[in-house]
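This report looks at how side chains pack and pair in one model.

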Amino acid sequence: MRALISVSDKTGVVEFAKELRALGWEVIATGGTMKLLKESGVEVIGISEITGFPEICDGRVKTLHPKVHGALLARRDDPEHLKALKENGIEFIDMVCVNLYPFRETIAKPNVEMADAIENIDIGGPSMLRSAAKNWADVTVVCNPSDYAQIIAEIKAGGNTEKSTRLQLSAKAYTHTAEYDMMIATYMREQAGLGEKLFLEFDKVQSLRYGENPHQNATFYREQKEVPFSLAFAKQLHGKELSYNNIQDANAALNIVREFDEPFCVGLKHMNPCGAAIGKDDVDAWTKAYEADKVSIFGGIVALNRPVTRETAELMKPVFLEIIMAPKFEEGALEVLCTKKNLRLLEVNMSREAVDPKQYVSVNGGLLVQDVDINTKAVEEEMCVTKRRPEAAQMSDLNFAWRIVKHVKSNAIVVVKDGHTLGVGAGQMNRVGSAEIALKQAKAAGFTSDLVLASDGFFPFDDCVTLAAEYGVTAIAQPGGSIRDNDSIVKADEKNIAMVFTGERHFKH
């Protein structure tokens with residue numbers, strides 16, 4: 001029995017080769033793998049001894065030879081195949097152990113040159129993997145060091161790998177080469193400016209108990225490269241398994257947290273914020289966010305951008321919450337919160353890395369792709385379109401409200417004061433309906449003066465301004481852009497309301 005070993009990732013390969021030799025297998029190797037094995041005391045046959053041809057073109061050509069691929073592809077149950085091998089002096093190769101040049105790692109380097117990327121496109125490796133995988137009935141193909149132990153165990157037990165194992169390994173090899181080719185195709189298409197194809201690669205995180213509803217199956221996948229503010233790469237410290245809806249809601253909460261550098265906390269239900277606040281620290285931010293809507297936060301999700309302290313944990317403990325997310329939980333906080341059996345505690349990377357994430361939304365028979373709406377324009381005094389100018393405290397609240405309203409389902413209205421939400425109107429079929437919801441919430445909480453309101457889209461009529469004035473709003477942020485903008489400006493001046501046009505809308509359908 002003979003094995004051909006040629007690996008870029010040399011994890012465990014010396015031990016694997018030694019085990020094969022001890023079991024009576026001959027080991028064929030190439031280039032750097034051959035050098036390592038020889039230096040480690042493993043008896044090795046060089047690939048040139050098999051092919052009768054030297055490695056050429058700086059190693060680009062070494063295994064692309066009939067004595068390699070004939071040895072791999074020949075069917076052991078086909079007399080004509082056996083005859084062809086005998087006539088050409090070709091011996092079987094019964095195992096291929098190959099992993100590929102580090103193309104992903106190469107293109108991930110900053111300022112990588114295309115020439116370097118090209119040199120890390122493996123040709124012989126994928127060819128051998130595919131040949132061996134095609135002939136899986138007789139040939140064992142290995143592309144992941146994690147499979148070495150099982151392979152050795154099966155050979156020790158029965159002289160060769162199990163047929164079912166070879167089938168699984170074949171599928172793994174085709175997956176490996178498909179992923180590799182997809183990476184290369186994506187990179188080369190970017191260099192060539194081609195955009196009519198989209199290749200996506202995601203790894204399974206877990207099967208979920210069910211989807212949005214109990215009769216729907218669901219699975220959670222994540223992309224290859226870790227990104228900040230991602231639940232897919234979060235570390236769960238405590239609590240039961242996440243559900244489909246948990247993941248959706250948690251992702252929405254993290255998108256809101258991303259908006260703020262100062263201490264911030266948000267409570268969220270059904271992908272809309274039900275209470276959000278900035279504060280002096282995590283205690284202050286949590287207290288204000290909770291006070292904003294004590295009813296809706298029941299069974300909700302909370303995210304903070306500061307480590308959770310024991311003091312904050314003690315305040316959170318009496319409240320029924322599904323998930324708490326933060327960059328860190330102090331030991332005292334864990335002692336308090338881990339007494340709640342089902343409460344999920346998640347540590348999330350909230351570093352301010354420069355990222356350019358895409359958002360994927362499936363539709364029947366298709367996929368929509370867009371840039372994630374990360375950058376938010378700051379509200380500035382020169383955006384004011386009314387006679388009354390926003391005061392300093394109002395400017396702070398306008399910026400806060402503007403960063404919150406972009407994460408509320410359209411039509412969206414948010415009412416705030418002193419850095420925390422008082423009312424949130426989400427997803428109504430007309431904007432005045434959302435305004436009524438948000439303003440009535442603020443009034444019910446006892447706030448009826450010096451309020452700030454933000455709208456994710458422009459006002460098509462002056463009715464929202466009229467309504468806002470009735471509830472004590474004195475400053476408004478909205479995108480502007482309606483053909484009837486002037487109606488709203490005139491009404492704001494009549495009601496002595498300061499209004500800014502940001503020139504940027506944030507619809508969230």
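How many residues does the largest nonpolar core have, and which have the most contacts inside it? In this predicted model, the largest nonpolar core has 51 residues. Leu 20 and Met 95 have the most contacts inside it. Helix α10 (residues 163–192) supplies the largest share of this core, six residues.

Neighbours within four places in sequence are left aside here. Met 95 is then in contact with Arg 2, Ala 3, Leu 4, Phe 16, Leu 20 and Trp 25, and also with Val 139, Thr 140, Val 142, Ile 151 and Ile 155. Leu 20, in this list, is the other residue named for the most contacts inside the core.

As a general point, nonpolar side chains in soluble globular proteins tend to be buried together.

**Charge pairing**

Side chains of opposite charge can pair when their charged atoms come close. The structure holds 24 salt bridges.

| Salt bridge | Distance | Location |
|---|---|---|
| Lys 288 and Asp 284 | 3.5 Å | both in helix α12 (residues 282–292) |
| Arg 310 and Glu 335 | 2.4 Å | helix α13 (residues 310–316) and helix α14 (residues 331–337) |
| Lys 491 and Glu 494 | 3.6 Å | both in helix α18 (residues 485–494) |

Take the pair in helix α12. Lys 288 and Asp 284 are four residues apart, about one turn of the helix. Lys 288 counts as partly exposed, at 26% relative accessibility. Asp 284 is buried, because its relative accessible area is 14%, under the 20% cut-off.

Arg 310 and Glu 335 form a salt bridge at 2.4 Å. This pair links distant parts of the chain, 25 residues apart. Arg 310 is partly exposed at 35%. Glu 335 is also partly exposed, at 46% relative accessibility.

Glu 494 counts as exposed, at 53% relative accessibility. Lys 491 and Glu 494 lie three residues apart, about one turn of the helix.

Salt bridges can also share partners. Glu 259, Asp 373 and Lys 406 are joined into one network in this way.

Technical notes:
Residues numbered from 1 in each chain as written. Predicted model: local features only at pLDDT ≥ 70, side-chain atom pairs only at ≥ 80, totals over all residues. Heavy atoms only, no water. Salt bridge = Lys/Arg side-chain N within 4 Å of Asp/Glu carboxyl O. Helix = DSSP H or I, 4+ residues; strand = E, 2+ residues; numbered from the N terminus. Buried < 20%, exposed > 50% of the residue type's maximum accessible area, 1.4 Å probe, protein only. Core = buried A, V, L, I, M, F, W, Y, C linked by side-chain atoms within 4.5 Å. Contact = heavy atoms within 4.5 Å.
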